[in-house]
Structure formats: structure tokens, C-alpha cells
Amino acid sequence: MSGRGAVGAPVVRKDAAAKILGEARYVDDLSCPGMLHGATVRTRSAGGTVERIEFGPGVDWSSFVVVTASDIPGVNATQMIELDQPVLASGRYRHAGEPVVLLAHADRRLLREAVAAVRLHERPNPSPVFSIDDALALRGEVCPGNVYRDYRMERGDLAAGEAVADVVFEGRFETGSQEHVYIEPQGMLAQIDAAGVLVVEGSMQCPYYVLGTLTAVTGRDPGSVRVVQCTTGGGFGGKEEYPSHIAAHAALLSLRAGGRPVKLVYDRAEDMLATPKRHPSRTLVRIGARRDGRLAFLDVDFALDGGAYTTLSPVVLSRGVIHAPGPYACPHARVRGRAVATNHPPNGAFRGFGAPQSIFAIEQAMDGLARALGMTPLELRRVNLLRPGDRSVPGQPIDETTDFDAVLDQALYESDYLARREAFAAFNAGNAAAGLPLRRGIGLATFHHGAGFTGNGEVVLASMAKVRADRRGQVEVVASSSEMGQGNTTSLCQVVADALGVPLERVTQARVDTHDVPDSGPTVASRTCMVVGLILEQAARRLRAELVAKAGLPVEGADEHAFAAACARYLDGHPTLEAEARYEPPASVQWDEVVFEGSPYASYAWASYVAEVEVDLTTCEVALTGFTAVQEVGRVVNPVIAAGQVEGGVVQGIGFALFEKVVWDGNGTMANNRMTNYIIPTSADIPPVRVFFQEQPGGAGPSGAKGLGELPMDGPGPAILSAVNDALGTRIASLPVLPEDVMDALQAASAREAA
Amino acid sequence: MSEGPVLSFTLNGRVFSAADGTVPSPAMRLLDLIRLHAGQTGTKEGCGEGECGACAVLVDGELANSCLVPVGQLHGCTVTSIEGLPRNDPLVAAFARAGAAQCGICTPGMVMAARALLDRDPHPTLEAVREALAGNLCRCTGYVRIHAAVLDAAAGEGTAGGGAS
């Protein structure tokens with residue numbers, strides 16, 4: 001009704017100015033009169049028993065607020081899939097870094113001294129387990145059997161597939177852990193307000209998860225607990241589950257202090273030590289093909305290191321299992337996936353959520369199979385890409401809206417893949433002949449990523465969102481979707497503005513506050529734009545229909561003034577003007593979560609990424625010289641935000657591949673828990689990252705949008721490793737690839753040649 | 001006249017001095033003085049050890065990580081943090097247009113790093129921008145749009161960003 005729509009327009013983010021000028025308030029920017037600071041005393045051994053807590057001399061303990069497990073009024077467990085993880089450990093515990101004692105004081109210096117004066121008498125677990133192989137071999141027991149979940153996805157008849165395979169490739173692939181390194185460390189501020197409500201404010205992705213844990217831990221009813229999201233300085237999954245712990249800790253301290261405000265903000269070292277990271281993985285792949293390249297069978301044994309408690313590992317695992325076959329047609333397949341218990345701190349959600357690990361393995365296996373077949377990686381992918389009429393291995397029918405070949409074609413064109421592959425081979429041959437140290441390589445990854453909760457997850461969530469308007473025609477998006485940088489406070493408003501036919505300036509997102517916003521589900525899983533955007537679009541249409549029916553809003557041709565006038569007329573006769581909608585998944589999403597069969601996602605985004613590297617044989621350094629990312633994501637709601645998501649995801653993937661190595665100390669916690677020695681890409685490290693979108697119709701979201709945020713994390717790892725192996729003729733099979741790994745691989749390659 | 005050591009500097013045009021008690025201790029980190037005493041929270045703490053650049057400010061026009069600067073070193077200096085940057089600085093609009101801020105926690109420091117660059121090199125190359133911002137970590141953007149914003153601001157006007165085709 002107002003002409004050009006907001007959806008699809010590169011509009012400036014609504015939060016841009018406040019963030020650029022430093023006016024946005026993050027949790028550590030908050031302070032209130034009488035505020036105390038909180039701190040946490042943690043276990044040091046990799047599991048064991050806390051036998052005694054000693055409050056040492058030289059500290060006036062009467063001036064401190066002290067909380068231990070026995071002070072918890074409600075349930076001592078975070079409310080996750082299982083209730084196995086205590087909010088505060090007492091007696092037996094499973095990993096180093098578990099919180100045992102909480103302290104609060106107004107003076108931060110005294111607080112630091114007090115933390116150092118608490119001595120935990122720990123009897124350590126004599127045989128901690130730190131690797132997937134050791135856990136599965138039961139060299140030490142974290143929990144009975146050391147396996148949280150064991151999933152199987154079987155299709156066709158593996159033996160029949162093996163019988164017709166002409167060529168078989170087998171490989172073992174591993175990925176390391178990865179730390180989120182959101183630049184804002186985690187933190188919460190808790191207090192009891194004048195009305196007696198426990199208010200917890202902080203940095204988080206999922207306010208209703210935090211609310212669930214707070215009510216259970218404090219024993220309060222949901223009406224007397226309120227969770228408010230502050231401006232959040234990055235999440236990437238890292239602020240999905242752990243904020244519930246910090247909120248509970250801050251709340252317990254505040255309750256103990258009679259409701260005084262308590263701020264608990266981690267420093268970087270504590271944040272890296274204690275909070276979850278990406279699950280390390282090891283994947284065994286056997287894959288066979290007919291001589292012409294058609295896949296005959298696929299046998300995958302996928303395992304994730306879940307760490308010491310269940311947390312989100314079952315769902316990370318299920319996404320990893322479902323993505324393990326990649327975007328390829330294969331009639332006979334078996335994927336077994338296990339989430340394994342170790343004595344590391346629990347691993348958890350991180351952008352991609354299990355898919356980057358299993359996609360890495362299948363993509364590397366495809367390269368190995370191509371080598372065994374005498375085909376190029378491109379040729380093998382062309383033969384096997386899912387096409388309309390196919391069914392994916394999980395069982396999802398591929399409809400005519402999918403044109404993966406077009407995505408691949410554009411990636412080849414934009415990267416000039418074929419010509420560069422040839423040129424690099426010639427360059428390498430020339431340099432080898434001349435004794436020069438530089439080698440070049442190019443790598444290709446083809447992949448897809450399902451958006452939204454897996455399988456029946458969205459049915460269970462039944463997310464709700466609202467749109468409301470005031471007398472002046474100012475509209476608010478009312479949802480629990482947290483802005484953590486990904487742009488939903490702009491993109492969701494674009495969707496609603498178009499559905500109402502008002503200019504974008506009229507629409508803002510209301511503050512995420514559990515006393516005001518309904519539960520729209522957690523802000524995870526590439527679901528915000530697609531799932532919450534869709535219900536907001538429906539709610540906005542309902543609100544508009546209500547104005548047409550009851551306030552004389554013209555069906556066509558109303559401008560924003562007519563809209564405002566209609567809002568005012570409506571509110572003359574009604575107390576509020578709002579409309580809500582609840583998510584109902586499309587009928588096509590039918591999923592059997594026992595046998596892992598059906599259509600696990602409402603939409604997949606499709607992508608082909610090409611990486612180019614130059615390796616110096618003298619220093620073994622890998623320089624990424626080019627990166628091309630082509631993806632099909634349905635309707636692009638905001639091209640600047642979307643490109644920013646892909647660029648940022650790609651660079652996190654570059655870090656995963658080439659820079660970021662979590663080193664474990666003898667107690668199974670991160671030894672390099674500082675920005676000084678955990679290295680993420682800097683401005684000077686990145687190549688030109690070229691991002692292209694295709695917008696095929698049919699996404700399950702508003703205006704045909706699909707989920708986007710996690711997709712770019714999946715491709716860089718395999719594409720970059722393929723490029724390194726292409727440059728060097730090596731068989732590196734794990735990430736990250738640091739110079740020392742290149743050196744080892746070069747030595748292995750020359751030994752292979754000599755043999 | 002004064003018996004104790006003389007220590008006085010300006011932060012965003014306001015004088016802080018040991019003499020009048022506005023500098024409580026020469027050992028205090030500049031970051032804490034800015035955030036806790038001046039109450040200007042636009043300067044952020046990301047790591048506390050000079051690696052991330054979220055706390056970057058200008059000291060006499062030079063980029064400095066305020067978490068590593070004891071205020072005792074600042075006698076006679078002029079300190080500018082994000083609150084001291086004019087709202088009409090071309091970097092502000094350029095960052096917004098390009099989509100260079102996502103979560104925003106690195107952004108004030110990033111803008112100060114870019115300001116330090118443009119003050120010494122008003123028309124930098126992309127390579128110079130890449131290097132000048134290498135001490136400021138961003139985990140959201142992948143830096144692409146930040147580079148575009150700085151080049152856009154340097155050009156005075158224009159259209160950076162705009163989204164990939």
C-alpha cells in the first residue's frame with residue numbers, strides 16, 4: 001500500500017547509530033546504587049569430590065555475601081534437556097571449572113582477594129577422560145557408558161550398496177574445539193525490584209531458557225521473575241545455554257543479599273575457561289561409488305565430545321547426523337552418531353551446531369573418493385548433487401524450487417575455478433622444477449544447511465509473537481528474539497512494515513523482557529527470520545485485517561497517516577491494539593525422530609564455496625588468497641545484513657580452519673584461555689571475501705526467506721583444507737591446520753613418495 | 001605549590017587531575033577512569049590485556065588500548081574516547097551505511113582506530129586500512145564492511161556496502 005517495500009531493501013540497521021557512538025548499553029555498562037559485584041570459585045580437578053570448603057584467614061568474611069549449593073532454595077540443576085548439570089557443584093563433580101562457591105562484595109579488589117582465599121579441598125577423579133576414543137573405550141567413566149545419545153539413520157541396504165561399489169574410500173576426520181570469542185564477555189545483573197520481582201538483566205540469546213532455570217533454581221513462580229536482555233555483544237551460540245548459569249548465580253547472590261543488585265560479569269579468561277565451546281569431532285567415513293561416480297553407499301560413524309554434562313549435545317548431535325550425508329543422493333546409507341561424555345567442561349551450541357563437523361567429514365571424503373576414482377572433486381559432486389525429484393538421505397523430497405547446479409555454476413564462474421585450478425597446477429609444477437617454495441591450491445565445498453529447529457522441534461516450541469500499535473500508528477514487534485548483532489531488530493521490522501503497509505520508520509522491536517514479550521522460542525538455529533519472521537508477518541496481517549474490519553482502514557491505498565488514524569479510531573473503542581500468531585510448521589515437515597526419517601527442516605539453504613590458498617614450503621604458512629561464497633537463501637530480506645552474516649560466518653570458518661586451536665591443559669580445561677594465545681582472524685588476515693546470493697522461490701519464511709546465519713560456518717573448513725591438500729598433495733584430515741600440521745603432512749607425503 | 005606529583009590530563013575536553021581528586025590513583029587503568037569515574041561507557045573491555053582493541057582511545061591523537069595505560073603516564077595528554085568524537089564525524093555515517101556494526105561491542109574502538117588512521121592518512125589504500133585495524137578484533141562482520149566503511153568515509157561521501165549482488 002505504500003509503494004516500495006522494505007523487504008529486500010538495504011536499509012540501515014536501526015541500532016547502528018547507538019552502537020557506533022558507544023551509546024548502546026551492555027550489561028557491564030549498567031550500575032545501580034548499592035550494587036555488589038559477584039565472583040565464582042571453581043573446581044580445579046577434572047572431576048572428583050569436593051570434600052570441604054575452607055574460607056581462609058585474612059578476609060573479613062562477614063562483609064561478603066557467600067552462596068553455596070546448600071543455599072539454593074529450589075532445584076540445583078539448569079533446565080536443559082537433562083537435569084544432570086548442577087548450578088553449583090557440591091560433593092561429586094565432573095570437570096575442572098565447575099562453580100562451587102559464589103561471593104559478592106561492593107569492592108572488586110577485596111572480592112578478588114577473597115576468591116583467592118577460598119580453598120576447595122578436592123579429591124580428584126584418578127582417571128579422567130579427555131578424548132572421544134578414550135571415552136568410547138571406557139578408559140575411565142564420566143557417566144554410565146560414556147555416551148549421552150546414540151542415533152542411527154539407516155536407508156536402503158548397506159550390503160547391497162557395498163556389493164555394487166567399484167571404488168571405496170575410507171577416512172578418519174577430526175575437528176578441534178572452537179571458542180566463540182564474542183567480544184563482550186558474559187554477564188548478568190540481578191536484583192529484586194520494589195514490587196518484589198526478581199529482575200535479571202544481561203547478555204543472552206534465549207531469555208525464556210534463562211527464565212526457566214531461574215524459576216526452578218529460586219523456586220519462584222514465573223510472575224515474580226523477570227528476564228530482560230541488554231544489548232548483547234555477540235553470541236554465535238555461546239550465549240544460548242550458559243547465561244542460565246550466570247543468571248542463576250547472580251540471582252542467588254542477590255537473594256542472599258536481600259535483593260541488592262549483584263552484577264556478575266566474567267573476565268575473558270574465566271569466560272573462555274568455563275563456558276561451552278564447539279564440540280570436537282571425529283568421523284569415520286566409508287564411501288563407495290560406481291565407476292561413473294554415482295554413490296553406491298555411505299557409512300558414517302560420527303562422534304562428538306559432549307564434555308561432562310549433557311547440555312545441548314543431543315540436539316547438536318542430531319543436526320550433525322542429519323547433515324552427515326551432505327547434499328548428495330545416495331541409495332544406501334548408514335549414519336551412526338554418538339555424543340560422548342568426557343571430563344572437559346560441557347561443549348555446546350556454536351553456529352552450525354554439529355553440521356560444520358559432519359559436513360567437513362563428508363566433503364573431505366568426497367575429495368578422497370574423487371581421487372580414488374580418478375575424477376576431479378567437481379566432477380564427483382556434479383554426478384551426485386541432489387536434484388528435483390531426488391530424496392535426500394534423511395528422506396526429504398527435493399522439489400523444483402531447488403537448483404543446486406545453478407549455485408555451483410555461479411561459484412565456478414565467480415571464482416574462475418577451472419582456469420585457476422589449471423593455472424595453480426602449472427604454477428606448482430614450475431615452482432617445483434625451479435626449487436621455489438610457493439605452492440597454490442584451490443578447494444571446493446558444496447553443502448546445505450537446514451533452518452529452524454530440527455524435526456519436531458518447532459512443533460514443540462509452538463512459538464508465539466505479537467505486533468502491536470499505538471494511537472499514533474507506531475508499531476512494535478513483540479517477540480523474544482534477541483538482537484546479538486545478527487540484525488533482527490531491523491529485519492523483523494522490515495517484514496512487519498511490509499505486511500502492514502507502513503514505512504519502516506514506523507516499526508521498532510520492543511525490548512526483550514519476559515514480562516512483556518511472548519515466548520517466540522530461542523534465538524538460535526537460523527530460525528529468527530524464517531520462523532519468527534513468518535509468525536510476525538501473520539500477526540501483522542491480522543492486525544491490519546482488524547483495522548480494516550473495525551476501524552475503517554481502507555483495504556487499498558491507505559498511507560501511513562490513514563493507518564495512524566485507523567489505529568487511533570480503533571483505540572477509542574478498545575484498550576489495546578495488537579495481534580498475535582503462533583507457529584505452525586508446514587505440513588511437509590514430518591519427521592520420525594526415532595529412525596531419523598522424513599523431512600527434518602522446513603527449508604534448506606544451499607551453497608558452494610571456493611577457497612584459494614598459497615602455502616610457503618619454507619615456513620609452512622598457509623595464506624588464504626581468495627574466497628568466493630555463493631548461496632541460495634530464498635528471499636533476501638536485507639542485503640546488507642545478509643551479506644554481513646555471510647562474511648562474518650565465513651571469517652569464523654576461516655578461523656576454525658586456519659587459526660583457532662583450543663589447547664587443553666592437564667585438567668581438561670582450555671590452557672590458552674586468553675586472546676593473546678587463542679588466535680582469531682584479524683583485519684589483516686582475511687582475503688577478499690566475495691559473497692553472492694541467489695534468490696530462488698520457496699523458502700518457508702516471510703516472503704520466501706530461508707534461514708541464513710549458520711550456513712556460512714559450514715563451508716570454509718572443508719574448502720580451505722581441500723585447497724591446502726590440493727596445493728601440497730598432502731592428505732591432511734583434521735582442522736585446524738596450523739603450520740606445524742603442514743610440516744608434519746609434508747614429511748608424511750615425502751615418506752609416502754619414498755616408499 | 002603542590003607537594004605531591006603533578007598529574008593532569010584531559011578526557012574529551014574535561015580536566016582530570018590528581019590535585020582535585022578526579023584521578024584517584026596514578027596506577028588506575030585509563031579504561032577504568034573512563035568507564036567508572038567519568039561514567040562514559042562507550043569504551044568497552046573485551047580482554048583486559050591489549051589484544052582486542054575494544055577499549056581503544058586516542059592519546060594525543062595516537063591509538064592506545066586504554067586497558068594497558070596507567071593514568072599516571074598521561075600528564076599533559078589529551079585523551080579522546082568515542083564520546084569525544086563529533087557525532088557528524090564521517091566515519092559514523094559511513095559505518096552505518098556500510099553495515100559495519102553488528103553486535104557493536106568492538107565498534108567504538110574500531111571507529112577510534114579508523115579515526116587515528118584517517119588523521120594521519122586521509123586517503124588510505126585498502127591495504128593500509130587492513131593493517132591499521134589489525135589491532136581491533138571483530139567477531140561478527142569478518143571486517144569486509146568495516147574496510148568498506150573506512151574507505152567510504154575517506155572518500156568523503158559515496159556508497160559503501162550496499163550488499164552483495
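Reply:
**Domains, chain contact and a helix pair**

Chain A splits into domain 1 (16-24 + 463-582), domain 2 (31-126 + 186-265) and domain 3 (281-453 + 594-754); the bounds come from an automatic or database domain assignment. This is a predicted model: local features need pLDDT of at least 70, side-chain atom pairs count only at pLDDT 80 or more, and totals for chains, interfaces and linings use all residues. Residues are numbered from 1 along each chain as its sequence is written, while chains are lettered from A and ligands numbered from 1 in the order in which they are written.

Now the helix pair. Helix α9 (residues 355-373) of chain A packs against helix α19 (residues 716-728) of chain A at about 30°, with axes 8 Å apart. Helices (H or I, at least four residues) are DSSP runs, numbered from the N terminus. Axes are lines fitted to C-alpha atoms over the stretch in contact, and angles run from 0 to 180 degrees between N-to-C directions. From α9(A), the contact takes Pro356(A), Ile359(A), Phe360(A), Glu363(A), Gln364(A) and Asp367(A). From α19(A) come Gly717(A), Pro718(A), Leu721(A) and Ser722(A). Contact means C-beta atoms, placed from the backbone, within 7 Å. By class, the residues are five nonpolar, three polar and two charged. Ala, Val, Leu, Ile, Met, Phe, Trp, Tyr, Cys and Pro count as nonpolar, Asp, Glu, Lys and Arg as charged, and the others, Gly among them, as polar.

Next, the chain contact. Here 45 residues of chain B meet 52 residues of chain A. On the chain B side, α2(B) gives the most, with four residues. That side has 20 nonpolar, 15 polar and ten charged residues.

Conventions. Two residues are in contact if their C-beta atoms, placed from the backbone, lie within 7 Å. Helices (H or I, at least four residues) and strands (E, at least two) are DSSP runs, numbered from the N terminus.
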